[in-house]
Amino acid sequence: MSDNQNSTDLTKQDGHDSLDRFQDPGIPAHKSRMADRDPKAAKRAETQVVILFTISIIGTIGMLVAFFALPQNTSIAGIRTANLIIGLGLAFALLGIGLAAVHWAKTLMSDHEHVDERHGQRSSDTVRAEAVQALTEGAQDSGIARRGVLKGAVVTALALFPLAIAVPLVAEVGGDWNVSKFRHTLWKPKMRLALDPSGRPIKAEDVTIGSAFHVIPDVSEEVRTSHEWISEKAKAIVLMVRLDPRDLKEAEDRKGWSYDGIVAYSKVCTHVGCPVALYEQQTHHLLCPCHQSTFDVADGAKVVFGPAKRPLPQLPITVDDEGYLVAQSDFLEPVGPSYWERLK
Amino acid sequence: MKALAARRHHRFAPVVLLLLALLVTGGVYAAFAPSPASADTASTEDIETGQKLFQANCATCHGPSAEGSDTVPSLVGVGAAAVDFQVSTGRMPMQMEAPQAIEKPRQFNEEQTAQLAAYVASLGAGPAIPTDEQVDAALGDPSNGAAVFRTNCAMCHNAVGAGGALSEGKFAPALWDTSERNIYQAMQTGPQSMPVFNDMNITPDEKRDVISYLVEQREGSAGGLDLGSLGPVSEGLWVWIVGMGLLIGAAVWIGAKSS
């Protein structure tokens, strides 16, 4: 101990304790437990441990019995009961072992403190010298200092190899780097508005006052079942409502964007992109379920509460010859939350 | 017959007779009971009684001829479905001014509700009370119902119909105890904050699919304790208070010395 003065030992060897040092109080005196003093208590503790192990045994057997005995494919209530019993069996099986082991160790196993001294990690000077010697000899033996081409080849090979992992990793991020697709959705001029999820086109006369319609672009069944649809739909979803034209406040430049009190707004929140769809038809407020951003549908979907910063983009709509609602164009600004390349 | 006559003083005879009598009365009633009144079949008598009930109980707010005011909706053209929904769930008559009229024990019995509905339906055409077939969950397709529900209803009423909060004290109620007829009527008439989902938006068949999906949810989840199906709020509370509490308790117990 005296020649290995290390950082865990705070006592000073020279006997001059300064004020900011304290005397190591050492290990407190050993106190014997009830089970050490009284054989009856030891017997009791043993019984308790046995009971805990027995609980585990019963749990395992119960779980196995339930697994085979209870039908798994009947009613929901049946599956629930089976799950419950299997789960409780598993829980007791493991908990019994854990509690028993801890209780056993605490009450019956030896609780005398033992001290293991820690030794310095530095090797002896002889060993260190030998190690350096071995490395130097190895380097000389390989001849890397003499063979310049070999040196260049090994360095190049080692330096290049990480690219084989890094390049695909970086290139696969996000699939492609075409940021401009965030600016556009499936909507285009004369495209009909259709119902989500059935895909039925919507006639203006069907949108009664107080209604809320969840709208997708009118595309073929084939497109709607394709792999790309889900990401296109995620950008193009629209919530459409009809208000009493007297309640509707419209900006001068957007007067032509609604049809007879019917307004359509992007359903993607401008905060972090959740679907904003909780529509209160009496207040005309549209709520986002994620962070409670609230938009006033009667007033250009401007933000009246919450963390969103911009109003929801409006989809300009009109009707075609057959009375179906159609888009006048795509959204005139990118939908959804802000991103780096967005201008405002 | 003789065996019967011999046992007429048996001590169970009155019980058997009573059961028979009940069975016959019930059977006859079921066969001849009047079907619930709807706007089409309501008699003028129903409408007149309904009008009297309306004058006594509803006219204070909705006006003597149900025309409403700036703050109270007009009932002309809301239809029998709206009246049946509001009155049979006890939401109307309203108890007090509140952010939202809440469900409470109904104040009118079925007959009175039907009379009120007949009166309001006579004021202007509106959605009628759905037929039993229209709301029969067994005839619906729960999987299509789930898709329709997810798009149109789940954001307010929760993915399994557990309900959720709206703004300023309003809320979307849980749908587990709502009757099939009331669910249909709510979609059709859009009570209070709820938007209207007319038959062109969600077709009658799709409405029945939604009902079928919701009826399936009444069985609860197969995964054990669903904690109200409220998602991260109740689950977080459970994990942080009960789960972490147990872990801390176990750590303290393991670390403590045995006495």
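In chain A, four strands form an open sheet in the order E1-E2-E3-E4, with antiparallel pairing; helices (H or I, at least four residues) and strands (E, at least two) are DSSP runs, numbered from the N terminus, and two strands pair if DSSP finds at least two bridges between them. From one strand to the next the twist averages 40°, where axes are lines fitted to C-alpha atoms, for helices over the stretch in contact, and angles run from 0 to 180 degrees between N-to-C directions. The antiparallel pairing of E1(A) with strand E2 (residues 212–217) of chain A extends over 3 bridges. Within this pairing, A:Ala194 has A:Ile216 in E2(A) as its bridge partner.

The model is predicted, and local features need pLDDT of at least 70, side-chain atom pairs count only at pLDDT 80 or more, while totals for chains, interfaces and linings use all residues. Residues are numbered from 1 along each chain as its sequence is written, and chains are lettered from A and ligands numbered from 1 in the order in which they are written.

A second open sheet of chain A has 4 strands in the order E5-E6-E7-E8, again with antiparallel pairing. Here strand E5 (278–280) and E8 of chain A stand at the edges; each has a single partner strand, so one side of each is left without a neighbour in the sheet. Neighbouring strands of this sheet are turned against each other by 30° on average, direction ignored. Strand E7 (residues 294–296) of chain A pairs in the antiparallel sense with strand E8 (residues 302–305) of chain A over 3 bridges. Two of the residues concerned are A:Phe295, whose bridge partner in E8(A) is A:Val303, and A:Thr294, whose bridge partner in E8(A) is A:Phe305. E7(A) and E8(A) form a hairpin with 5 residues between them, and A:Gly300 in the turn has a positive phi of about 65°.

In total, the secondary structure of chain A comprises 7 helices and 10 strands. With a radius of gyration of 37 Å, well over the 20 Å that the globule rule gives for 344 residues, chain A is more spread out than a compact globule; the radius of gyration is taken over C-alpha atoms, and the globule rule is 2.2 Å times the number of residues to the power 0.38. The C-alpha trace of chain A spans about 100 × 75 × 55 Å along its principal axes. Chain A is divided into domain 1 (34–107), domain 2 (144–177) and domain 3 (185–327), with bounds that come from an automatic or database domain assignment. Between domain 1 of chain A and domain 3 of chain A, the C-alpha centres lie 56 Å apart.

The pLDDT (the predictor's confidence in each residue, from 0 to 100) averages 87 for chain A, and 92% of the residues score at least 70. Over residues 1–6 of chain A the pLDDT is below 50, and beyond near neighbours in sequence this stretch has 5 contacts in the model; two residues are in contact if their C-beta atoms, placed from the backbone, lie within 7 Å. Where pLDDT is low, the predicted coordinates should not be read in detail.

Chain B has 11 helices and 2 strands, and from the N terminus on its elements run α-α-α-α-α-α-α-α-β-β-α-α-α. The radius of gyration of chain B is 25 Å, whereas a compact globule of 259 residues would have one near 18 Å. Along its principal axes, the C-alpha trace of chain B spans about 80 × 75 × 35 Å. Chain B is divided into domain 1 (44–123) and domain 2 (137–217), and the C-alpha centres of these two domains of chain B lie 23 Å apart. In the contact between them, 13 residues of domain 1 of chain B meet 12 residues of domain 2 of chain B. The side of domain 1 of chain B that touches domain 2 of chain B has 6 nonpolar, 5 polar and 2 charged residues; Ala, Val, Leu, Ile, Met, Phe, Trp, Tyr, Cys and Pro count as nonpolar, Asp, Glu, Lys and Arg as charged, and the others, Gly among them, as polar.

Between the chains, 27 residues of chain B are in contact with 34 residues of chain A. Helix H7 (142–152) and helix H8 (154–157) of chain B are the elements that give two or more residues to the side of chain B that touches chain A. H7(B) gives the most to this side, with 4 residues. By class, the side of chain B that touches chain A has 12 nonpolar, 13 polar and 2 charged residues.
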